[in-house]
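Hello,

Here is the model I promised to pass on. My notes follow below it.

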Amino acid sequence: MTEKWNSRATNHSASRPNDPAESDLTPLSERFEATPVIVKLLNERGITTPQEARKFFSPSLNDLHDPFLMPGMDVAVGRLNDAMGAKERILVYGDYDVDGTTAVALVYKYLSQFYSQIDYYIPGRYDDGYGISKHVIDEAAASGVKLIIILDCGIKANDEIAYAKTLGIDFIICDHHVAGEELPDAIAILNPKLEGSTYPFSHLSGCGVGFKLMQAFARSNGLPQAPLDALLDLVAVSIAADIVPMIGENRVMTYHGLRRLNTNPNMGLRAIMKICGLTRKEITISDVIFKIGPRINASGRMQSGREAVDLLVSRDAADALRIAQEIDGYNSDRKELDKIITDEANAILEERGDLAAERKSIVIYNESWHRGIIGIVASRLTEDYYKPAVVLTLTNGLASGSSRSVQGFDIYAAVESCADLLENFGGHTYAVGLSMKPENIKEFSRRFEEYVAANITPSQMKPVCEIDADIKFSEISTDLVEALNAFNPFGPGNTKPVFRTRGVRDCGSSKIVGKQMEHIKLDVVDPSVSEPLNAIAFNFAKDFERVSSGQPFTLIYTIEENKHHAAGMPYQLLVKDIIFE
C-alpha cells in the first residue's frame, strides 16, 4: 500500500456474526438487508441504530431544525414583517458566486409572490468588488430602500452597515463566513458560525441561511411550506457548488432539492440543464458540481452575476434559454482563460523555484490576470502541488485575489496572521478572499510562508485518500450497488465509499482505450470469483504492461452503475489506483 492511501478500518470480513455493531443495525431498511460492509460505512458516518439508518436513507423535511433556534431569527422576521406591513422598499443583495446568486434568487422569488416593493442587486466583481459598497447604499437610499437583506456576505461590512444606518437603512445579514472581532450593527445577524451560536447545525450554505429565514417568515405568517420547498433545487445547487459538508440539514435539503431537479426544476435551472445536455437524464451531485454550478458561476466571473439571478427567477422559457445560452458562452470563455492563466502561473512558479519541497506555500501575483478566474487557478495550484495557494491580480489599484487550502489546514488563520498588511479579507477554513496594496505583496508572501511553515504538518501536504473497506469481488452484487446508491447525495462528510481488493488479476482481455489511448478498460478477477468484473481506469495506460502481465495487484476503486451495460453487468469499478504487490 502506498502512503497515498489511508484505510479507515480493518477487513470487515473478519467480523463475528454476533458483532453488536452489526446486530444493532439489522434490518437497516425494508429495501435491502444490512451487510457487514454497509454496517461499516454507516458506523463511519456515526449511524449506529435502525432509527438513525432510516433517517439517513430516507431524509425527511420534518427533520429540518426549527428556524427560530437560530439566534436573531425572531428579530429578523419581525423586521421583515414590519417592512412589508409598512410597504417599505426591500433590496435583496448577495455575492456574485453560485451560493450568493442562488440565495438572492430564492429569497427574491419567494417574497415577490406576496410583495411587490422588492428588488435584487448583485455586485459587479470589478465595479463593486466583494461585499457591499457605499455607492450601492447611496443608490439604495436614493430609491427609497429601507431594508436590505444581504446574503452570503456582509459579516465584516461594519463600516458600510454603520453608514447605511445613518441613511435610515436597516440590514438583515444572512451569512455563513467567519466573523471578525466586532460584528456589524445590523438589525439582525443570521450566521450559524457565530461564536456562541446555539443553532444545532453550523454548516449551512449562504443560500441555506436564506432558506431558514424564509422558513421562519412562512411559519410566522401561517403560510404553507410547499411553495418554499419547491425552491430547494436552488439550495441543493448552492450546497454542492460551495462544497459545504453533506451532512445534517444540508443532506436533507440536497436530497429533496435533487428530487426537484429531476422532476420539476426551476425554469432557469431547466434551461441550463438543456444547454448541458442533461435533459431526460438523472441529475446527480456531480452534474451540479461540474456542469450546472460552473455555468452559474461564469456569469459573475466573466460578466455580471445579476444575469445568473435573472435566469434563476425567470418565468419565461424562451427568455431563460436565451440567458442560459449567453452564460454558456461565458463559461466557454472562462475555460479558455483558466487554461491560459494556469499555464502562465505554472511557468512562473517553475522559474522562481517555488515548487521546491522546502517551500510550503504559494503566493503569486500578475496584474494582468482576469479577476474572475484566479480563484479557480488557486484551486488548481493547490490540487497540483498540495500547498496552500494565494493568487493575486490588480483590481482598482489593489492586489486582490483568492486563496485555497489543503485538507486539514486552516488558511483563514494563515491569512488573518497577516491582517495588518491587508485592506480586506474574509472567508472560511479552506478559502479566503483578500486584498492589499501591491507594495505589501512581498512582505505578505514572506509572512504567509512563515506562518504556513510553522503550522502545517507533513501529512497535510500529501494527498491522502481514505479507503472505507476491504472487500472481495464476490461481495459485490446488484443489492450492494442498490444499497450504496441509497447513500446519495455524496459530498464532504458523506463521500462516495472507496474499496480495496487485493490479489486482483487481469483476465487477459483488458485493453487500452481513449482518443489518445490513455485509459485501460479492465476485465479482472480475484480469488473469490471466476467470472470477471468490468473496470475502467482513467489515465492509467502507463500501467497497462504490468496489469496485462498476469501479476497480482491491489485495486482501489468505487462501484458505479453501468447504465450502458445492455445484457452485461449492471455495474463497473471506477479505478482510483492500481498498486502492484
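**Strands, cores and confidence**

Strand 2 (residues 89-94) and strand 3 pair in the parallel sense, over four bridges. Helices (H or I, at least four residues) and strands (E, at least two) are DSSP runs, numbered from the N terminus. Two strands pair if DSSP finds at least two bridges between them. Within this pair, Tyr 93 stands opposite Tyr 121 of strand 3. From strand 2 the chain crosses through helix 5 (residues 98-111) to strand 3, a right-handed β-α-β crossover. Right-handed means that, with the strands pointing away from the viewer, the path from the first strand over the helix to the second runs clockwise.

Before you go further: this is a predicted model, where local features need pLDDT of at least 70, side-chain atom pairs count only at pLDDT 80 or more, and totals for chains, interfaces and linings use all residues. Residues are numbered from 1 along each chain as its sequence is written, and side-chain values use heavy atoms, with hydrogens and water left out.

Confidence comes next. pLDDT is the predictor's confidence in each residue, from 0 to 100. The chain's mean pLDDT is 90, and 93% of its residues reach 70 or more. Over residues 9-33, pLDDT is below 50; beyond near neighbours in sequence, this stretch has 45 contacts (heavy atoms within 4.5 Å) in the model. Where pLDDT is low, the predicted coordinates should not be read in detail.

Five strands form it in the order 7-8-9-11-10, with mixed pairing. Strand 7 (362-365) and strand 10 (422-428) stand at the edges with a single partner strand each, so one side of each is left without a neighbour in the sheet. Strand 7 pairs with strand 8 (residues 389-395) in the parallel sense over four bridges. Tyr 365 stands opposite Leu 392 in strand 8.

Finally, the cores. A nonpolar core is a set of buried (under 20% relative accessible area, 1.4 Å probe, protein chains only) Ala, Val, Leu, Ile, Met, Phe, Trp, Tyr and Cys residues joined through side-chain atoms within 4.5 Å. The largest has 92 residues; Leu 106, Leu 111, Ile 149 and Leu 213 touch the most other members. Helix 5 gives the most to this core, with nine residues. Another core lies apart from it, with 38 residues, including Val 37 and Ile 520. In helix 2 (residues 36-44), Val 37 is one of the buried residues. Gly 46 follows helix 2, with a positive phi near 80°.

Best wishes

Methods:
Buried means under 20% relative accessible area, exposed over 50%, partly exposed in between (1.4 Å probe, protein chains only).
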